[in-house]
Amino acid sequence: MKILGLDSSGLVASVAVVEDDCLLAEFTVNYKKTHSQTLLPMMEEVKRILEMDLNTLDAIAVASGPGSFTGLRIGSATAKGLGLALGKPLVEVPTLEGLAFNLCGTDRLICPLMDARRGQVYTGAYTFQWIACGESTTLQKGNPEPMKRSAGGWRLETVVSQRAADISDMMDKLNQIGREVIFLGDGVPVFAGRIREELKVGYSFAPANKNRQSAASVATLGGIYYAQGRVVSAAAHQPVYLRMSQAERERAEKEAQS
Amino acid sequence: MDKEKDILILAIESSCDETAAAVVKNGREVLSNVIFSQIDLHTIYGGVVPEIASRKHIEKINQVIEEALSRAGVELCSMDAVAVTYGPGLVGALLVGVSEAKAISFATGIPLIGVHHIEGHISANFIENKDLEPPFICLVASGGHSHLVVVKDYGEYEIIGRTRDDAAGEAFDKVARAIGLGYPGGPKIDRISKEGNPDAIHFPRARVDENEYDFSFSGLKSAVLNYLNACRMKGEEVNTADVAASFQKAVVEVLVEHSLHAVRAYGYDKFAIAGGVASNSSLRAAFEAECRKRKIAFYHPSPVLCTDNAAMIGAAAYYEFRKGVRSGLDLNAVPNLKLGER
């Protein structure tokens, strides 16, 4: 199974190829937000170095939101164009799940924070459930497909579903849950002060090699979802924004007033 | 004459509120022309909302491309180039088409050609007028543009006149809103004007002192608003059809006068119009009459090729293809791209 992963949901542009249990290539740049100019050339470089025939891909996994509206659409249009041209399905990996997967193996609560402007974050809370050796179980809640491995494994579970929220509301939620938290994402430098002031549980920040979007995580998690049959057609895919456009929001507010 | 191989181009256009794809053969033969118009989504907002447009583009783009290939009865792999509008336009909207086209080009190895939206509008004239060849003068008038262009050769343009304020189509939209016709203003004013008296009210025809080919429509728009206001103050009833017809006459007169002045000054015998406003029936009739009088050949695309579409992008891309123009995978959307620049 070979999966091409891509993530352009935030400041990072990232492309990766995962084949079975092996990461063949990852190209991640966190420099300037010019994804429309960098993403395709990065992909071309990965293809060139791997001498890869794109037709050998099984699916394209894309960080499907939330994130920067324009960034998401660059990633989605790229994935849709690849899917259309290659006749391959897409796997939608929610951006926050992809970020959480960077920390696969921790027993702490994981809280990705993406700066959503206007004092808000795109966030959620996730945990990895340890599945002991030999148990017949699943990698994702609600999926009937048993895990065909005799070794133990980790299952990503959602504790707080993805949302656009005020940072304070999220801090309240984490205080209620009462578990130690690892934060990651581009919202961390923006809201570190608020975390220090408002959080009553122990916390840490993920290190530099784990704390931003990674297409390797998107491709790996995408591979798991692909194996579970969680694919969409390239035509049907569109990003999840978690927010209305400003015009729609203002219109809804006006209607609510009248 | 050598029989040259046919050139097939898949073209994509998403610069504003139309998601469009087309397959064009040898620049002048349209095998398919699929347009998904979002106009109903934007009508309640009285104009195009960029974020809503971008969201709709990403939702529809694959269906539109697949439909264009299937209606043309061709496979993607038999295309000689993938062409896409990369400016000017709404940046978020442009990026959908540009990213999609780049991915298709990367995945298939088919060459990519970035096309200027206005070059597309001008080239729409090549599709239905097989005899039309440069040089000629072209008036491009739409909701976002009002340009008087000298088309010196394929892909060689000089803008000699432009609007100083509102685009012609923009003035139509604003006046339509003021007299309660709603969005989009162009077709609505065109329709109701047929019932009105174009000489009922005299609105000013603006001249721009420094450049005889430039346009200005904001003064005209203000004059209409002032007229409506004065009627309201006096408690007089406004005849909407008369206002629309008189406003339209003022716009048409200025466009015709400047355009034909340019044709005369450059000594050409050919003149073309393009863009959304080019489908205005009164404008067409005026140009037809004036050009006949002056023995100037008058060209115009049919209405479906006047609005934003991808067939015109395929037509423009063909001549770029012949010249060997190719875009790289770093092609970006350029919202304020100038005509003739690359």
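In the predicted model, the centres of domain 1 and domain 2 of chain A, taken over C-alpha atoms, are separated by 22 Å. Domain 1 of chain A covers 2-96 + 212-248 and domain 2 covers 103-205, with bounds that come from an automatic or database domain assignment. Eleven residues of domain 1 of chain A are in contact with 13 residues of domain 2 of chain A, two residues being in contact if their C-beta atoms, placed from the backbone, lie within 7 Å. On the side of domain 1 of chain A that touches domain 2 of chain A, there are six nonpolar, three polar and two charged residues; in this classification Ala, Val, Leu, Ile, Met, Phe, Trp, Tyr, Cys and Pro count as nonpolar, Asp, Glu, Lys and Arg as charged, and the others, Gly among them, as polar.

Residues are numbered from 1 along each chain as its sequence is written, while chains are lettered from A and ligands numbered from 1 in the order in which they are written. Because the model is predicted, local features need pLDDT of at least 70 and side-chain atom pairs count only at pLDDT 80 or more, whereas totals for chains, interfaces and linings use all residues.

Two packed helices are described by the angle between their axes and the distance between the axes. In chain A, the axes of helix H1 (residues 35-50) and helix H2 (residues 69-86) come within 10 Å and cross at roughly 35°. Helices (H or I, at least four residues) and strands (E, at least two) are DSSP runs, numbered from the N terminus; axes are lines fitted to C-alpha atoms, for helices over the stretch in contact, and angles run from 0 to 180 degrees between N-to-C directions. The contact involves A:His35, A:Ser36, A:Leu39 and A:Leu40 of H1(A), together with A:Gly71, A:Ile74 and A:Thr78 of H2(A), and by class it has three nonpolar, four polar and no charged residues.

Chain B contains an open sheet of five strands in the order E3-E2-E1-E4-E5, with mixed pairing; two strands pair if DSSP finds at least two bridges between them. Strand E3 (29-37) and strand E5 (112-116) of chain B stand at the edges, each with a single partner strand, so one side of each is left without a neighbour in the sheet. The twist from one strand to the next averages 20°. Within the sheet, strand E1 (residues 8-13) and strand E2 (residues 18-25) of chain B pair in the antiparallel sense over six bridges, and the bridge partner of B:Leu8 in E2(B) is B:Lys25. Helix H4 (residues 117-128) of chain B lies across E3, strand E4 (81-87) and E5 of chain B, running at about 95° to E5(B). Helix H11 (residues 311-322) of chain B also packs on the sheet, touching E1, E2, E3, E4 and E5 of chain B, and its direction makes about 130° with that of E1(B).

Chain B is likewise divided, into domain 1 (8-123 + 306-322) and domain 2 (135-301), and 27 Å separate the centres of these two domains, taken over C-alpha atoms. Eleven residues of domain 1 of chain B are in contact with 19 residues of domain 2 of chain B, and H4(B) gives the most to this side of domain 1, with three residues.

Between the chains, 30 residues of chain B are in contact with 28 residues of chain A. The largest share of the side of chain B that touches chain A, 13 residues, comes from H3(B).
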